[in-house]
Amino acid sequence: MRKGKQIILVCTLMNFVLSMTGFLFSGILDKMAESLNVSIASAGLLSTMHSYGAAIGVPLTLIVFRKVNRVKMLKIALLLSILLNILLVFAGSFPLLLVLRLLSGVTINSYGVMATTTVIALAQRERLGRSLALLIAGNSLALVVGIPLTRILTQTLDWRFIFWGLTAIMALCLVYFHLRLSEDNQSQPPLNLKAELSLLNNPRVYLILLFTFVMFMGYHGAYNYVTAYLLALFPGAESGISVFLMLFGIGSFTGNYLGGRVSDRIGYARSMRVGAFAQMLVVLLMLFMQKVLWATVALIFLWVMSSWFMGLQLNSGVSQETGNRSRFLLSLNGSAIQLGGSLGASLAAIFISQGFTKQIIIMSLLSAAAVFLLQTFSVDKYHRAGEKAEEPSH
């Protein structure tokens with residue numbers, strides 16, 4: 001196997017771990033709340049704090065360590081993530097768990113930015129969408145297999161056992177990167193903050209960041225509590241939750257797969273608009289089908305699929321608009337994902353604490369409508385204008 005493809009596959013495996021680390025608790029919130037003797041809304045903070053760490057800490061980390069080679073930074077971030085996971089397993093109180101989740105959000109997502117820039121550098125331009133789809137397949141695999149499996153395992157095993165397994169995979173990947181990924185490989189100049197921020201003069205870039213923030217505020221705000229949402233609508237559905245989570249994971253995998261191919265055919269901008277319209281339509285149907293279990297599950301499947309279809313386009317768009325010259329803007333895109341998601345989850349926690357669990361999906365409807373209008377404006381004003389400017393004169 002070619003070395004570049006092998007590195008991408010290992011990064012895909014690590015993305016599985018990254019996604020599991022970030023969203024593991026979402027699938028077992030009710031069990032975590034019972035284990036830690038806190039409310040479901042409070043247990044949701046374990047995911048929210050991880051997101052806040054990623055949103056705020058990753059850009060600051062890249063600024064502070066801007067002179068460090070990105071491959072070295074990748075290895076350091078992964079090592080620190082391993083150490084924090086070990087501390088998390090031995091944490092004796094809920095407040096300490098929250099602090100450690102905040103810090104792990106910084107380190108594991110700093111690794112994620114470095115891994116994404118590495119994969120983009122290795123990918124052929126005409127196959128960028130498919131290469132990113134392969135990378136993100138690790139995240140969707142976590143939803144297909146990992147998170148549903150953890151719900152089954154937590155019937156008999158403590159959640160800390162799962163974190164030991166994730167930490168072991170991280171350690172093996174770190175050894176691989178140390179042996180196979182040279183710090184002289186894929187060299188990149190130190191981060192020039194002024195030059196990178198100047199790339200924001202391109203309106204397509206800041207519109208991608210705004211799209212990302214709004215979309216994930218609605219999506220993660222609702223999906224973070226998807227098990228609580230289903231159980232609120234259908235209290236007797238507890239036995240099927242693991243199967244439903246696996247189906248939603250298949251939806252993420254399918255959306256990611258289609259997103260890579262559609263992006264390579266019609267471009268990231270139009271793909272984002274198609275995904276936003278599909279998500280808006282699906283969520284609207286969900287509001288009318290809340291009394292029918294099979295319809296609700298099928299629509300959540302399509303909702304997740306449309307979200308992951310759009311999610312792939314975001315890093316692809318930033319990479320294309322900046323010529324893959326900006327790891328800092330990639331980190332800002334990651335921050336928009338995490339900050340939007342954590343803000344959405346915080347709002348959802350407030351709604352749930354007030355007894356509005358069945359209504360949290362409205363957040364996703366509002367965000368889908370907003371990003372559809374935003375992307376329609378972006379395509380009409382900037383992308384079509386750019387295409388006309390590039391047409392040869394006759």
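**Note on the predicted model**

1. The structure holds eight aromatic pairs. One of them joins Tyr176 and Phe177: the ring centres are 6.0 Å apart and the planes stand at 65 degrees, so this pair is edge-to-face. The angle passes the cut-off, since planes over 60 degrees apart count as edge-to-face. Tyr176 has a relative accessibility of 16% and therefore counts as buried. Phe177, at 0%, counts as buried too.

2. A second pair can be set beside it. The ring centres of Tyr219 and Tyr223 lie 5.6 Å apart with their planes at 15 degrees, so the pair is stacked. Both tyrosines belong to helix H10, where four residues, about one turn of the helix, separate them. Are Tyr219 and Tyr223 buried or exposed? Both are buried. Tyr219 and Tyr223 also belong to one aromatic cluster together with Phe216 and Trp303. In general, a pair of aromatic rings is described by two things, the distance of the centres and the angle of the planes.

3. The average pLDDT of the protein is 80, and 89% of the residues score at least 70. Among the elements, helix H5 (residues 70-90) has the highest mean, 90, while helix H9 (residues 193-198) has the lowest, 72.

4. Residues 385-394 need a separate remark. Over this stretch pLDDT stays under 50, and the model gives it two contacts beyond four places in sequence. Where pLDDT is low, the predicted coordinates should not be read in detail.

5. Next come the cavities. How many cavities of 30 Å³ or more does the structure hold? There are three. The largest cavity has a volume of about 810 Å³. Empty space of this kind is found by rolling a probe the size of a water molecule over the atoms.

6. The lining of the largest cavity consists of 43 residues; those nearest its centre are Leu18, Asn109, Asn139, Ile337 and Gln338. Several helices contribute to this lining. H1 (3-23), H4 (45-64), H6 (94-122), H7 (128-153), H10 (203-223), H14 (293-322) and H15 (327-353) each supply at least two residues. Which helix gives the largest share of the lining? H15 does, with ten residues.

7. The lining of the largest cavity can also be sorted by class. It has 24 polar residues, 19 nonpolar residues and no charged ones.

8. Gly57 is placed in helix H4, one of the helices that supply at least two residues to the lining of the largest cavity. Gly57 counts as buried because its relative accessibility is 12%, and buried means under 20%. Leaving aside residues up to four places away in sequence, Gly57 touches Tyr52 and Val106. Gly57 and Ser331 are 274 residues apart along the chain, yet their C-alpha atoms are separated by 9.8 Å.

9. Arg273 is part of helix H13 (residues 268-288). Why does Arg273 count as buried? Its relative accessibility is 19%, and the cut-off for buried is under 20%. Arg273 and Ala368 are 95 residues apart in sequence, and the distance between them in space is 10.0 Å, C-alpha to C-alpha.

Conventions: Residues are numbered from 1 along each chain as its sequence is written. This is a predicted model: local features need pLDDT of at least 70, side-chain atom pairs count only at pLDDT 80 or more; totals for chains, interfaces and linings use all residues. Side-chain values use heavy atoms; hydrogens and water are left out. pLDDT is the predictor's confidence in each residue, from 0 to 100. Contact means heavy atoms within 4.5 Å. On a 1 Å grid over the protein atoms alone, a cavity is a set of points where a 1.4 Å probe fits but cannot get out, and a pocket is an open set with protein on both sides within 12 Å along at least five of seven lines; lining residues have an atom within 4 Å of a point. Grid points are joined across faces, edges and corners, and a volume is the space filled by probe spheres set on the points. Ala, Val, Leu, Ile, Met, Phe, Trp, Tyr, Cys and Pro count as nonpolar, Asp, Glu, Lys and Arg as charged, and the others, Gly among them, as polar. Buried means under 20% relative accessible area, exposed over 50%, partly exposed in between (1.4 Å probe, protein chains only). Rings of Phe, Tyr and Trp (its six-membered ring) pair if their centres lie within 6.5 Å; planes under 30 degrees apart count as stacked, over 60 as edge-to-face and the rest as tilted.
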